[in-house]
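Biologist: I have a model open and would like to go through it with you. May I start with the pockets and then move on to the sheets?

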Amino acid sequence: ARDALALDAAAREELGRPADALMESAARGMFDALRSRWPALLAPGGPPIVALCGAGGNGGDALAVLRMAADSGCGSCTAVAAPAPGTAAADRLREALRSGVSVLSPSDPGVPAALARAGLVLDGIAGIGLRSDLRAPLDALAALAAAAPCPVAAIDLPSGVRALGEDGSEPAPAVRADCTLTVAPPKSELWLPGFRGCAGEIIPVRGVFPESRAAAGSCALLSAEDLPGLLPGLAPDAHKGTRGALGVHGGSRTGMGAARIAARAGSAAGAGTVTLMVRDELWAAAVAGLDAQIVRGLSDGPGRGFDAVLAGPGWDADEASAPVLDALWEGDLPLVLDAGALRLLGGRRLRASGAATVLTPHPGEFIPLALAASGADPSDGEAVRRAALRTRFDTGNAALELARR
């Protein structure tokens with residue numbers, strides 16, 4: 001959201017794009033996306049549409065979308081608008097009124113009936129400028145969105161999505177939308193664990209800002225179609241001996257499934273050979289679940305040199321695993337640490353070899369790592385609470401801090 005505010009200002013000040021033109025372009029993209037997503041709801045003569053509008057830019061966007069719906073002959077269109085709209089929202093309100101949109105205040109007795117009849121509700125209550133929880137009268141509008149008996153489409157961000165404040169308090173729940181029409185570049189807040197459930201289907205609205213500017217954000221979304229391009233290409237004469245040897249250290253008496261999944265994943269990712277290293281007494285259990293990977297007991301050694309190692313899936317954080325991690329940590333191979341290996345990291349110094357090291361914690365594993373890296377006392381309840389909040393609502397920044405430390 002911070003980057004989006006800067007991008008909007010740059011478009012107006014450096015590129016000379018008027019705020020009204022940017023708002024109209026965004027609203028057109030959103031309206032077209034809504035018609036594609038719910039054609040029956042935005043067809044001529046369709047069910048009523050209600051927009052919940054704050055005083056800022058999101059309220060203006062919602063009013064512009066509602067005006068376009070009215071101009072297209074959609075069902076009756078009603079705006080429930082907060083008092084004292086800003087300049088852009090006030091202009092959109094006058095345009096909507098001229099197109100036949102009805103406007104009610106949040107306290108109007110006709111609001112519950114309008115919502116009960118609605119086939120679609122637009123959430124334009126608050127957006128990227130929000131710095132704290134929704135306050136009156138916007139919180140009343142958010143309550144109306146929560147009570148809507150029909151799909152809710154959020155304008156740019158579900159209202160209530162915001163950055164984690166300095167006071168360390170948990171953000172109040174945001175509006176839960178069925179879809180979010182976010183002006184490109186999409187806001188990374190939509191993918192934070194604490195807010196992802198509020199966004200519904202995330203639909204980027206492109207063409208509002210120049211693509212060269214829109215693509216210059218501070219983060220990128222990694223998706224499934226990106227993964228093949230991250231792998232090295234294969235030579236025409238490639239064979240298993242030239243495609244890398246992966247070692248997987250994992251498994252325990254109660255955690256063999258994770259180790260087998262990790263070994264199969266190494267093969268799926270294209271490694272030439274994958275060797276699962278397990279305690280000797282677990283060899284038979286490991287072999288039983290694999291058919292294209294090598295399984296060796298620790299006492300037998302790896303049998304061949306590895307090019308990279310994954311350690312930890314299925315491991316118990318016990319004395320038997322610690323020496324294995326010690327040896328790997330002191331070595332010079334690229335190393336991925338997961339699950340049980342993360343619980344054994346403790347206060348280790350940086351690897352002397354400087355070899356690439358990747359940690360893959362889930363949220364529960366991330367919190368103790370973050371506490372250890374910052375020197376916080378793991379028994380300090382407030383420190384644990386703050387780390388847990390940052391894991392949910394400040395994920396990217398918290399992970400970057402941990403990696404740097």
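Biologist: Which residues lie nearest the centre of the second largest pocket?

Modeller: Please note that this is a predicted model. Leu231, Leu246, Gly266, Ala269 and Ala271 lie nearest the centre of that pocket, and its lining comprises 31 residues.

Biologist: What is the volume of the second largest pocket?

Modeller: The second largest pocket holds about 830 Å³ of space.

Biologist: Which helices and strands supply at least two residues of its lining?

Modeller: The helices are α9 (227-230) and α10 (256-268), and the strands are β8 (245-249), β11 (308-311) and β12 (335-337). By class, the lining has 22 nonpolar, six polar and three charged residues.

Biologist: Let us stay with β8. Which sheet holds β8, and in what order do its strands run?

Modeller: β8 belongs to an open sheet of six strands, ordered β10-β9-β8-β11-β12-β13, with parallel pairing. The edge strands, β10 (294-297) and β13 (357-359), each pair on one side only. From one strand to the next, the twist averages 20°.

Biologist: Is β8 enclosed or open to the outside?

Modeller: β8 is largely enclosed by the rest of the structure, because five of its five residues are buried.

Biologist: And which residues sit on which face of β8?

Modeller: Ala245, Gly247 and His249 are on one side, with Leu246 and Val248 on the other, and all of them are buried, so that both faces are covered. In a regular strand, side chains alternate between the two faces of the sheet.

Biologist: How many bridges pair β8 with β9?

Modeller: Five bridges pair β8 with β9 (residues 273-278) in the parallel sense. Within that pairing, Gly247 has Thr275 as its bridge partner in β9.

Biologist: What about β12 and β13?

Modeller: Those two strands also pair in the parallel sense, over three bridges. Leu337 stands opposite Leu359 of β13.

Biologist: Now the other sheet. What is the strand order in the sheet of seven strands?

Modeller: The order is β3-β2-β1-β4-β5-β6-β7, in an open sheet with parallel pairing. β3 (102-104) and β7 (201-205) are the edge strands, each pairing on one side only. The twist here averages 20° from one strand to the next.

Biologist: How many bridges join β5 to β6?

Modeller: Three bridges join β5 (residues 152-155) to β6 (residues 179-183), and the two strands run parallel. Ala154 has Thr180 as its bridge partner in β6.

Biologist: Changing topic: how many cavities of 30 Å³ or more are there?

Modeller: There are two cavities of 30 Å³ or more.

Biologist: What lines the largest cavity?

Modeller: Its lining consists of His249, Gly250, Gly251, Met277, Val278, Arg279, Leu298, Trp315, Ala320, Ser321 and Val324. Of these residues, six are nonpolar, four polar and one charged.

Biologist: And the second largest cavity, what lines that one?

Modeller: Cys53, Gly54, Leu63, Ala81, Ala82, Pro85, Ala89 and Leu93 line the second largest cavity. Seven of these residues are nonpolar and one is polar, with no charged residue.

Biologist: On to the cysteines. How many disulfides are there?

Modeller: The count is zero disulfides. Cys74, for example, is in no disulfide, and the nearest cysteine sulfur, in Cys77, is 6.1 Å away.

Biologist: Are Cys74 and Cys198 buried or exposed?

Modeller: Cys74 counts as buried because its relative accessibility is 10%. Cys198 is buried as well, with a relative accessible area of 6%.

Biologist: One more residue: where is Ala114?

Modeller: Ala114 lies in helix α5 (residues 111-117). Ala114 counts as buried, at 5% relative accessibility. The C-alpha atoms of Ala114 and Pro48 are separated by 8.0 Å, although the two residues are 66 residues apart along the chain.

Biologist: Lastly, how many helices and strands does the chain have?

Modeller: The chain has 15 helices and 13 strands. Its C-alpha trace spans about 80 × 55 × 45 Å along the principal axes, and 44% of its 405 residues count as buried.

How values were computed: Residues numbered from 1 in each chain as written. Predicted model: local features only at pLDDT ≥ 70, side-chain atom pairs only at ≥ 80, totals over all residues. Heavy atoms only, no water. Pairing = 2+ DSSP bridges. Helix = DSSP H or I, 4+ residues; strand = E, 2+ residues; numbered from the N terminus. Axes fitted to C-alpha atoms, helices over the stretch in contact; angles between N-to-C directions. 1 Å grid on protein atoms, 1.4 Å probe; cavity = no way out; pocket = protein on both sides within 12 Å on 5 of 7 lines; lining within 4 Å. Points joined across faces, edges and corners; volume = space filled by probe spheres on them. Nonpolar A, V, L, I, M, F, W, Y, C, P; charged D, E, K, R; others polar. Disulfide = S-S within 2.5 Å. Buried < 20%, exposed > 50% of the residue type's maximum accessible area, 1.4 Å probe, protein only.
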